[in-house]
Amino acid sequence: MHDEQLEILDFLRRYPPFAELPEEALQQVARSVDVRYFKAGTRIVEFGEAALAWHVVRSGAVEIFRRNGTLYNRLTEGGYFGEFGLLHRKRVRFPATALEDTLLYLIPEPVFTELFENNEHFADAVEIEDRTRLRQVMSRREDANQLMSATVSVLIGRAPVMLGCRATAIDAARRMSEEGVSSLLIVDEPMAGLAPPRMAGVITDRDIRIRLVAEGLGFDTPVSEIMSCDPVSVEHNQLVFEAMLQMLRNNVHHLPVLKHQRPIGVIALSDLLRYESRNSLFVVSSIFRQRSVDGLAALTGDVRACFSRMVTEDASSRMIGSAMAVIGRSFKQRLLELAEEQLGPPPLPYCFLALGSMARQEQLIVTDQDNALVLDNRFEPARHDDYFKALASFVCDGLARCGYSTCTGGVMATNVKWRQPLRQWQRYFSEWIEQPTPQSLLDSAIFFDLDGVWGETKWVDELQTLIVRKAKGNARFLACMARNALLRTPPLGFFKDFVVESDGRHSGAINLKRRGTAPLSDLIRVHALAIGSLSRNSFERLRDIIDAEILPRGRGQDLHDALEFVSTVRIRNQADDLAAGIDPDNSIEPESLSDFERKSLRDAFLILSHSQKYLKYRYQPGRTA
Amino acid sequence: MLHLGSFQQLQNQTASSALASAETRDWPARFRELAASARDHRLKAFYSAGVASADTPLAAVPLMALDIETTGLDPVRDGIVSIGLVPMRLQRIRASQSRLWIVKPRVPLVEESVSLHGITHSQIESAPDLIDILDDFLAAIAGHVLVVHCRAIERQFLNGALQARIGEAIEFPVIDTMELEARLHRCKPPGLIARLFGGRPLPSIRLAASRRRYGLPRYRLHHALTDALASAELLQAQIAHRFSPETALGELWK
């Protein structure tokens, strides 16, 4: 029995791995601590020497290195190191040096091992596999906002009630009464025993009233004549929230749910009410009620308020990104409607494209407008371009007034280069993919995230099919894309109130978009192109990538967690800026981060850094994918 | 340890002894003499354990940080209330082997010192007399060179307590971290300019201030174990900055 050093006990109590320990365990740890002082510049442990103790920094600062001598981490008061060596072969894995005069508390290996094995909180806190810790963080968060992040499939209570398209109105009415439903899915008559039926349309109580009875048609009218064809539908893995926006946008109260294009259920607006997030619905409906650009511009405050409320409600980054994208999309759609009212109907069909973060549904409030116009192949500049130029100006100017700053890279429909007929777009993509150069792809990467907002959106599907066909397995193209995806790297982590770079330099702030979310989505895009994924959202792309099994086991989930965490911090920072009345941006000062956020961000940066190395390895020029 | 009114005098004693030529005492020989002459069997055992010789490199010396909390500063009128020990080597402070004794002084407790040490009357009322723990204490420090901050207090009080209880004095070598600071900050007489203009006040060589200079954390002092640990850390820092593991023990001890 030895006597207690109160200073040691009180110090340990203040720091996360110990704070959660039961008092008795904590005292036991405190009684086991030995102490050592290191002058600035002296080596604390060497690579390969026996790992005898776990080190906690009592005061001063310590630098941890990789075996190859590059900086791995920089720690200050309350930081700890040496767990990796203790848990693996009991040899020091990362050499450490005192950066300042440093006092260390040494916890002997047996005490550390016992704590690690018997105390879950402690093990979670010091877990050496950075990714595991982030996973735990993210799953705790996901539990917390389960309601906000639920997908449509959770709402499906029963299999859809279906009827073949050759049935009559009276068959439909009887079936609906028998089943007690207010809508029926109408499907192609399946060829006996072959593929499951494809959805042809929907029929509701209302259709029977308005399209049959009121029109005086006979009860034996085929359902195909009174149904709504090609109804709006949702995919089973879309968020509940997105389904709600769909209903609102299209003014329907029932939505068929599809999985691989087959109906698996129907959801009604009433099903959604308990998941409701009125905020963005309110903004979207306001957008469509506006009669002028002035009216739209006046909604900027509502958009920001909606963003802030979603953050307060603990919505996931995916949900916020998608809500902001829907709002951005609605602005574009309404502006295009207003433009067509003012300029008259378009001389040729066209499609308005959203690019970049909006196409990926990862938009936040600080965002450029990245857009383009795809025109009908009959387009003749001399005859038609005056109209489309005016249309583009109307929309882009309008967007700028609504808070979407003009794109510094000139990726806007007002730029004649990005206002071209479909065949020219096909040529652009073919050139980018078939004759890639890092420079040409640097400017064009943004076009590989594209979404049709208005007009002939099927052209976007055509372009996307072309991209997938040409890009998949194209080693040269993928190598160029991969090279560009490595241009922006994450920092190493945080030290005191600084951001630490891998070469040891310090800075006072970090741009979380440029150093975090952007390189993550760049990297995910390369893998998505490599496997021919048609998804646009980074999380969906990741799911495709995980399914394709091209990443080392577990790494896909790590990337998911890293993206979610960095996005969350970025979003919260913007919400804090808004609350403080500052113009939000993507720059974060370390002093505004909690210890927990610093630790988790560093974990995310490590994952990004590892993933970039893997990307570089996987897509080497000349290597066949 | 206590920092009351006459602390300045103790510091001055320390400073002046630093100025005096280094004592070159042959402690192992002195211990052999004392082992022969001591009457008390506990003291005899303590001296018989011997002590490192002056030429031993610091890295090889078993050290023991010691702090004594007392009811006041007068070794005659005041008594010891607690003793803290932290064994150490140059490479590591064995805080895990810390020992603390609370003892009942033979003089009444003054209110202010009670609050300073965080030791209550009832703890002291139920504590043993120093004589009852003397065996344990001497066995713990035997064979070690003691490390203290301000050796006058520890030496005088231990001496006084032993004189009163067993009628014998005790002698031992110490490394005094305060004296090591004094060497740095108090040994040069102020220059002419400094004397003319009053100069800068001398840096404090008290424990907290000395620790701060080496980047050591702030501790809540005046607990025997905390102070012993604080002195132990200070010694490691002083050696790391100003000496080396090969430095001979004789350069530091008194």
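Which element gives the most to the lining of the largest cavity? That is α21(A), with 3 residues. Before you start clicking, note that this is a predicted model, where local features need pLDDT of at least 70, side-chain atom pairs count only at pLDDT 80 or more, and totals for chains, interfaces and linings use all residues. Residues are numbered from 1 along each chain as its sequence is written, chains are lettered from A and ligands numbered from 1 in the order in which they are written, and side-chain values use heavy atoms, with hydrogens and water left out.

**Stop 1: the largest cavity**

Select A:Phe448, A:Leu450, A:Gln464, A:Ile467, A:Val468, A:Ala528, A:Leu529, A:Ser533, A:Ser535 and A:Arg541, and you have the lining. The space they line has a volume of about 70 Å³, and the structure holds 3 cavities of 30 Å³ or more. A cavity here is a set of points on a 1 Å grid over the protein atoms alone where a 1.4 Å probe fits but cannot get out, and lining residues have an atom within 4 Å of a point. Points are joined across faces, edges and corners, and a volume is the space filled by probe spheres set on them.

Now show α21 and α23 (512-531) of chain A: each supplies at least two lining residues. Helices are DSSP runs of H or I with at least four residues, strands are runs of E with at least two, and both are numbered from the N terminus. Colour the lining by class and you get 6 nonpolar, 3 polar and 1 charged (Ala, Val, Leu, Ile, Met, Phe, Trp, Tyr, Cys and Pro count as nonpolar, Asp, Glu, Lys and Arg as charged, the others, Gly among them, as polar).

**Stop 2: the largest pocket**

Next, go to A:Glu235, A:Gln238, A:Gln246, A:Asp451 and A:Arg536, the closest to the pocket centre of the 41 residues that line it. About 1900 Å³ of space lies in there. A pocket is an open set of points with protein on both sides within 12 Å along at least five of seven lines. Elements giving two or more residues to this lining include α12 (240-250), α17 (317-343) and α21 (458-471) of chain A. By class, the lining has 11 nonpolar, 19 polar and 11 charged residues.

**Stop 3**

A:Phe429 counts as buried at 0% relative accessibility (buried means under 20%, exposed over 50%, partly exposed in between, with a 1.4 Å probe and protein chains only).

**Stop 4: chain B**

Finish at B:Glu181, in helix α8 (residues 177-185) of chain B. B:Glu181 is buried, at 0% relative accessibility. Its side chain makes a polar contact with that of B:Arg213 at 2.9 Å (a pair of N or O atoms within 3.5 Å; within protein, one must be able to donate a hydrogen and the other to accept it, and residues adjacent in sequence count only if both atoms are side-chain atoms).
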